[in-house]
Amino acid sequence: MDAIRTSLDIKEYPDTEVQKNRVLTLEEWQEKWVERKITFHQEQGHQLLKKYLDTFLKGESGLRVFFPLCGKAVEMKWFADRGHSVVGVEISELGIREFFMEQNLTYSEEPITEIPGAKVFKSSLGNISLYCCSLFDLPRANIGKFDRIWDRGALVAINPGDRKRYADIMLSLMRKGVQYLLSVLSYDPTKHGGPPFYVSDAEIEKLFGSVCSHQCLEKVDVFEERHRSWGIDHLVEKLYLLTEK
Ligand SMILES: C[S@@+](CC[C@H](N)C(=O)[O-])C[C@H]1O[C@@H](n2cnc3c(N)ncnc32)[C@H](O)[C@@H]1O
């Protein structure tokens, strides 16, 4: 118990500069899908989101929910099944097709006229639209604003040098009254290069603080034996709720 408490009470790491020049290209992400290096995917969905889902939805209906860097997150189906509409963006076409196939959803695909070479995949019911392009190109497609944002494996996957651009896009997608759930990871960034990249509390304030307040809802020890190969011996997930000031 003491060991668990110690790891969860871990303070912020001072050295957040150490990962700042790390870059993964879009092609490298696409290769991860081809080579099945997708241990980030959670087949059962995200347990903290499951726990906070009702609080997050606040009993509201017909919400627009945004999934940045969505992969094939099964949580997209949770929202759709509750009557909300989901928009995701993901660079891997393979990931998007796997989502629809694994969730037994029929879909259609069409080009995104504003983004040459990009496509949008839509469920036949029209309640899930997944844009296959870079998040940084997405604003050109004018996808509107959102009531909820579920950010897991997204800010932590963005190259640290692109975080400000990323946050500015998120801020531009927020509808009044938005609730933004953000999952980040805490570990010693001098031991592992990322991704996932370490995101400190101060960084969240720097990126979103002009518009949003943030509160940490929960910290969970998510360390598994496989993480030893990253050179770390503890890993804590932190779930934040961001709301407009
Ligand atoms: C760590 S995974 C997380 C996926 C998903 N959110 C989940 O929780 O399973 C990050 C995903 O972002 C995609 N990706 C990385 N950079 C991207 C970008 N600039 N635009 C769109 N997708 C991107 C990758 O292909 C990968 O599927």
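Where in the chain does Lys58 lie? In this predicted model, where local features need pLDDT of at least 70 and side-chain atom pairs count only at pLDDT 80 or more, totals for chains, interfaces and linings use all residues. Residues are numbered from 1 along each chain as its sequence is written, and side-chain values use heavy atoms, with hydrogens and water left out.

Lys58 sits in the loop between helix H3 (47–57) and strand E1 (64–67); helices (H or I, at least four residues) and strands (E, at least two) are DSSP runs numbered from the N terminus. Lys58 is not a glycine, yet its phi is positive, at about 55 degrees. With a relative accessible area of 48%, Lys58 is partly exposed, a label for values between buried (under 20%) and exposed (over 50%), using a 1.4 Å probe and protein chains only. Leu69 also has a positive phi without being a glycine, here near 45 degrees. Leu69 belongs to the loop between E1 and helix H4 (75–81), and its relative accessibility of 24% makes it partly exposed.

Then there are the cis peptide bonds. One joins Gly194 to Pro195, with omega about 0 degrees, and another joins Pro195 to Pro196, again with omega about 0 degrees. Pro195 is in the loop between strand E7 (174–186) and helix H7 (201–208), and Pro196 is placed in the loop between E7 and H7 as well.

On to the sheet. Nine strands make up an open sheet with mixed pairing, ordered E3-E4-E5-E2-E1-E6-E7-E9-E8; two strands pair if DSSP finds at least two bridges between them. At the edges are strand E3 (107–111) and strand E8 (212–221), each of which pairs on one side only. From one strand to the next, the twist averages 20 degrees. E3 and strand E4 (residues 119–123) run antiparallel and are joined by five bridges. Within this pair, Tyr107 has Ser123 of E4 as its bridge partner.

What lies across E1, strand E6 (146–151), E7 and E8? That is helix H6 (residues 163–172), which runs at about 145 degrees to E7. Axes here are lines fitted to C-alpha atoms, for helices over the stretch in contact, and angles run from 0 to 180 degrees between N-to-C directions.

Two packed helices are described by the angle between their axes and the distance between the axes. For H6 and H7, the angle is about 55 degrees and the axes are 9 Å apart. The two helices are therefore oblique to each other, given that angles under 35 degrees count as roughly parallel, over 145 as roughly antiparallel, 65 to 115 as roughly perpendicular and the rest as oblique. The crossing of H6 and H7 is right-handed, meaning that the near helix is turned clockwise from the far one by less than a right angle. On the H6 side, the contact is made by Arg163, Lys164, Ala167, Met170 and Leu171, and on the H7 side by Glu203, Leu207 and Phe208; contact means heavy atoms within 4.5 Å. These residues split into five nonpolar, no polar and three charged. Here Ala, Val, Leu, Ile, Met, Phe, Trp, Tyr, Cys and Pro count as nonpolar, Asp, Glu, Lys and Arg as charged, and the others, Gly among them, as polar.

Last up is Arg36, in the loop between helix H2 (26–34) and H3. Arg36 has a relative accessible area of 41%, so it is partly exposed. Leaving aside residues up to four places away in sequence, Arg36 touches Lys72, Leu94 and Glu98.
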